[in-house]
Amino acid sequence: MLTVDNVNLHYGAAQALRGVSLSAPMGKITCVLGRNGVGKSSLLRAVTGQYPISAGSISFEGEALNGLAPFNRARRGVGYVPQGREIFPLLTVRENLETGFAPLSRKDKFIPDEIFSLFPILQTMLGRRGGDLSGGQQQQLAIGRAMVTRPKILVLDEPTEGIQPSIIKDIGRAIRYLRDSTGMAILLVEQYLDFCRELADHVYIMDRGEIVHEGPAETLDTAEARRHLTV
Ligand SMILES: Nc1ncnc2c1ncn2[C@@H]1O[C@H](COP(=O)(O)OP(=O)(O)OP(=O)(O)O)[C@@H](O)[C@H]1O
Ligand SMILES: [Mg+2]
């Protein structure tokens, strides 16, 4: 389980996270919903170690992550799919996947076949440059690259952003498969309410740096969620 306890995060004088607490259990999909600028990416930067927190604590499977560099969190099993995908445009698909080897021991430096059964398009495009892929294909590549690191928790930042509906379905299926087949924890931030409600086990709603609502996905108060998602 990932536990985020009372976390603050500041960019200079501006506070982006205010006492944020949440948990993401193993074998479950936990979704954090919020509109633009409420602090969703900041929360994931705090979890992955991309940006330091100013108060609170973060732990995974009972061990503190605070103070560990992103590389060491990846070694502990934190896999990250960043907003905007951050594919290397001049590297091939295969080379992009191989960037996930960095935190692995020598014997694990291979690309698991499972990635190609989930996203067959990646196999057919192994020799193509990342920059030549469509947005949806790049999103699949970004998830594949995170899977190469053999995560125990997969952290995804708006995986549906700018993606066409058919690929959103594939991505939803892949995320569900990962939860059910590997029992990993999945922490997902989104603005897309329907995707989140269909996929998630537990939902948090964030507004202006704070968690303002939480509950099981099946009893999510849609009106309340929409109120926080519209500007
Ligand atoms: N590097 C930074 N320096 C200063 N302020 C920042 C920085 N990154 C984000 N912010 C500010 O912190 C707040 C939260 O930003 P964050 O990117 O976490 O929001 P978000 O919920 O991910 O938004 P979006 O849905 O647009 O991705 C915003 O007001 C944003 O302008
Ligand atoms: Mg963001």
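**Close-up views of the ligand sites and salt bridges**

**Figure 1. Polar contacts of ligand 1.** In this predicted model, a polar side-chain atom of K40 is placed 2.7 Å from an oxygen atom of ligand 1. Q83 has a side-chain N or O atom 2.8 Å from an oxygen atom of ligand 1, and for Q191 the corresponding distance is 3.1 Å. The protein covers 59% of the 640 Å² of accessible area that ligand 1 has on its own. A polar contact is a pair of N or O atoms within 3.5 Å; within protein, one must be able to donate a hydrogen and the other to accept it, and residues adjacent in sequence count only if both atoms are side-chain atoms. Accessible areas come from the Shrake-Rupley method with a 1.4 Å probe, and for residues only the protein chains shown count as cover.

**Figure 2. The shell around ligand 1.** Around ligand 1 there are 14 residues, of which G37, K40, S41, S42 and Q83 come nearest; a residue is near a molecule or strand if one of its heavy atoms lies within 4 Å of it. Helix α1 gives the most to this shell, with four residues. By class, the shell holds three nonpolar, seven polar and four charged residues. Ala, Val, Leu, Ile, Met, Phe, Trp, Tyr, Cys and Pro count as nonpolar, Asp, Glu, Lys and Arg as charged, and the others, Gly among them, as polar.

**Figure 3. Protein donors of the magnesium ion.** The magnesium ion (ligand 2) has S41 (OG) and Q83 (OE1) as its protein donors, at 2.0 to 2.2 Å. Donors are N, O and S atoms within 2.8 Å of the metal (3.2 Å for Na, K and Ca); water is not among the atoms, so the site may look incomplete. S41 belongs to helix α1 (residues 40-48), and Q83 to the loop between β6 (78-81) and α3 (93-98), so that the pair links distant parts of the chain, 42 residues apart. Helices (H or I, at least four residues) and strands (E, at least two) are DSSP runs, numbered from the N terminus. S41 is buried at 13% relative accessibility, whereas Q83 is partly exposed at 28%. Buried means under 20% relative accessible area, exposed over 50%, and partly exposed in between (1.4 Å probe, protein chains only).

**Figure 4. The salt bridge between R35 and D207.** The side chains of R35 and D207 meet in a salt bridge with an N to O distance of 3.1 Å. Because R35 lies in the loop between β3 (29-33) and α1, and D207 in strand β9 (residues 202-207), the pair ties together parts that are 172 residues apart in sequence. R35 is buried at 14% relative accessibility, and D207 is buried at 8%. A salt bridge is a side-chain nitrogen of Lys or Arg within 4 Å of a carboxyl oxygen of Asp or Glu; the whole structure has nine.

**Figure 5. The salt bridge between R179 and D201.** R179 and D201 form a salt bridge through their side chains (3.1 Å, N to O). R179 lies in helix α7 (residues 165-182) and D201 in the loop between α8 (193-199) and β9, so the pair joins parts that are 22 residues apart in sequence. R179 is buried at 14% relative accessibility, while D201 is partly exposed at 24%. Salt bridges that share partners join R179, D180 and D201 into one network.

**Notes to all figures.** Residues are numbered from 1 along each chain as its sequence is written, while chains are lettered from A and ligands numbered from 1 in the order in which they are written. Local features need pLDDT of at least 70, side-chain atom pairs count only at pLDDT 80 or more, and totals for chains, interfaces and linings use all residues, with side-chain values using heavy atoms and leaving out hydrogens and water.
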